[in-house]
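Welcome! Please take a moment with the sequence and the 3D view below, and then we will walk through a few places together.

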Amino acid sequence: MTANQIRQSFLEFFADKGHTIVPSASMVVKNDPTLMFTNAGMNQFKDWFLGNTPPKHQRVTDTQKCLRVSGKHNDLEEVGRDTYHHTMFEMLGNWSFGDYFKKEAITWAWELLVSIWKLDPDRLYATVFEGASQESLDADNEASEIWGKFLPKSHILQGNRKDNFWEMGDTGPCGPCSEIHIDLRTNEERLKKDGALLVNTSHPLVIEIWNLVFIQYNRKADCSLEPLPQKHVDTGMGLERLCMALQGKQSNYDTDVFQGVIREISLLCGKRYGQNTEADVAMRVIADHIRAISFSIADGQLPSNVKAGYVIRRILRRAVRYGYTFLSFEQPFLHKLVPTLVSEMGEAFPELKAQENLITKVIEEEESTFLRTLSNGIRLLDTTMSNLKNNKKIEGSDAFLLYDTYGFPIDLTQLLARERGFEVDLLAFEKELERQKERSRHAASSQEGDWVQIHSSQPLEFVGYDHTHCTAQILRYRSVTTKDKTVYQLVLQHTPFYAESGGQSGDTGLIINESGEKIDILDTKKENNLTLHITEKLPSNPSETFTAQINQDRRQSIANNHTATHILHHALRTVLGNHIEQKGSLVHPDYLRFDFSHFEKVDFQKLREVEHLVNKLIRANIPLDEYRSIPIEEATKMGAIALFGEKYGDSVRVIKYGDSVELCGGTHVTATGNIGYFKILSEGAIAAGVRRIEAVTGAAAEKMLDDLFDQLNTVKTAFHNAPNLQLSIQKLFQENEALRKEVEGAIIERVHTLGEIIKRKAEIINGVNVFSLHGHYLPEVIRGAAMMLRSEMSNTLFVAGYQMDNKPLLAIMVTDDLTAKGIHAGNIIREAAKLIQGGGGGQPFFATAAGKEADGLPQAIEYIIKQVTS
């Protein structure tokens, strides 16, 4: 069976058992502050498990794109070194929400593995939870008894809390789990050692293939457990490991999941897989990472320097670095693997095919940028090593700079250092790394209290499309402490507050009780389908009835900007073409940001045409045509544009202004005329093939124009209100250019004169020609004289201790024959500058410094001469 056949077989098996097949959620998580990426199959069902949203189906099955590279599941550095760790992987799963439980889950797992897929039952082992007395948790005897119908006792193993008790997080749903392991060793190896002894020992051929989780408890903030009113099943099986078992391979990378890409890598680099250990690791790293990178971009996450984007950039750079170091790739190569990946996985995941062009362009640009960075880092490392002279140990801080700024993994620094006979202070590097991690942990750490229930749960309702205020009760609240600051999150029965999502900022406002007590709502967020109203304090009586009221002026500004993004999108497609797709947006009360696919700069005339079209549509005062909840098929027939990386339900909301038709859950103006005016501030690239427009509307646009006219009037006044301001400015530039040339001529003449004077003042010290200079000079003249001496003399030191505007300055020039002996002007001046209470640096042959204490200049000159001539 191929991987595609195995995937389909799994889904069809559970469909026959009454499960609804649902599509994979995006691998990039949106509207959940607790996650950057989907790292388990259950992520898209969190709201169902938590009880925040009623399950649409009692039984569900799917294959989910997952990514594990950070936090609890940090597998990145293992990827490629072994045969079974991955960044991106597919998780096959089946779920029950308050329907079946352990008996059915275990029985069906056995039926599929043994009866359908014909795996050898003698190679299978099941682990069950052994219990935890400290938490009064009994052993999972129920699961053990069910497994006893299929496996001998020797193949049913007791597992501890770490391996066999699953938890969603520090708090929330949890329960015992039962893992299914398979022993893929040869018969000879199995006779030598019982497979039961190798389960959960990280043996590459005795591996977990399926985890059956039985969710029956809720973990509270005080770590206590309470039984859930309904019991659930959550199972996950890694497709890559399953393929290894079913295809009779010894490594995930030997299956058809990876072999097509590995063959392409082999063709590109001219090396065969399986002949060299380091090259094999590199090919595995690249084959794995190209999947993670491509799927992330397809799901809407571009590489960047922050949060999820930084994770993707780090994965991409790791792949490039392995190709550069071990496969001799010195030019971009990763992007050439995208067509192979799309041909193999595009049928199961059509978003990959749809975004193939963008994925390719983004990866190629990222590769090119990093290869330049890599080259700069290597030069920096070379400089660091050359400055060490007789010391052969690279400091941990220097190694960390390479790691943190240039993306150099420590093993690359060690490899390059070893080739030159140097070593790296690993202990100091580890300390720097730990300090950085501690800073990150401190910045990200937060402590959440348990939910305090005030009123019984009722359906939560957003009324903000139609109302700016409403009567509401607080259903529950909790405290959240971050960096020693505590805020409260309130869940209201009804709310007009829009929670931050889809690029739109969350609302602010007030809740007011009947006695007039006001509580400021500072922000509104969404978490696990709950609208959370953020406050700095609680009402004196949270059980009262309140009036929830948004800041209407702020909401209006947000609505102006959100509707403007829709019209802008339409205008871009009209002017530039239908290849334009939205790749992201930010709707803020003060401005808007719109990211879109386009592979070249939008020229000024086109940009003006876009802006004029947007303002034309605003002046047309087109009314909002809203379809609050219609089937997605009907919305598609209307021509509604679905946005990049978003997942939509069966029913959607359509926002229509004339020919602009989009799926959108945000707040909008009743007619385009409310926007007032639209003005583009900037247009530029943010990634390969992705451009960004920033713009303002309404009062913000009016203020921007006022500021521009104020500046223009100031300039006009400076030019005595000249009737033709442009001509006056051009004339000023011409006069300045003429003066600049005169000054340059004077400097050249001064340099020549000064050079001749200096030559007559030569002093020979220990065989070195020493020229020293004092006085008041322009830095350009000093540098020119130094370069003239460098071109005409040998075995020469030129040092100037001079002043300009009462500021002490130093300059050193040493000829190339002296730098060849290890003399470094930059290093010398760095120390000399301390004598004038300043700092400086530069190249081996020329360096400068500036300071505060002119009285130190003679001493500094003396120090420099001594360092060069001793």
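## A hairpin

How many residues lie between β26 and β27 in their hairpin? There are 2, and Gly658 in the turn has a positive phi of about 60°. Helices and strands here are DSSP runs, numbered from the N terminus (helices are H or I with at least four residues, strands E with at least two). β26 covers residues 651-657 and pairs with β27 in the antiparallel sense over 4 bridges; two strands pair if DSSP finds at least two bridges between them. Across from Glu662 in β27 stands Ile655.

In β27 (residues 660-663), Ser660 and Glu662 point one way, Val661 and Leu663 point the other way, and all are buried. Buried means under 20% relative accessible area, exposed over 50%, and partly exposed in between (1.4 Å probe, protein chains only).

The largest nonpolar core has 119 residues, and Trp147, Trp210 and Leu334 have the most contacts inside it. Helix α9 (residues 277-298) gives the most to this core, with 13 residues. A second, separate core of 28 residues includes Ile567, Val610, Leu617 and Ile622. Such a core is a set of buried Ala, Val, Leu, Ile, Met, Phe, Trp, Tyr and Cys residues joined through side-chain atoms within 4.5 Å.

## About the model

This is a predicted model, where local features need pLDDT of at least 70 and side-chain atom pairs count only at pLDDT 80 or more, while totals for chains, interfaces and linings use all residues. Residues are numbered from 1 along each chain as its sequence is written, and side-chain values use heavy atoms, leaving out hydrogens and water.
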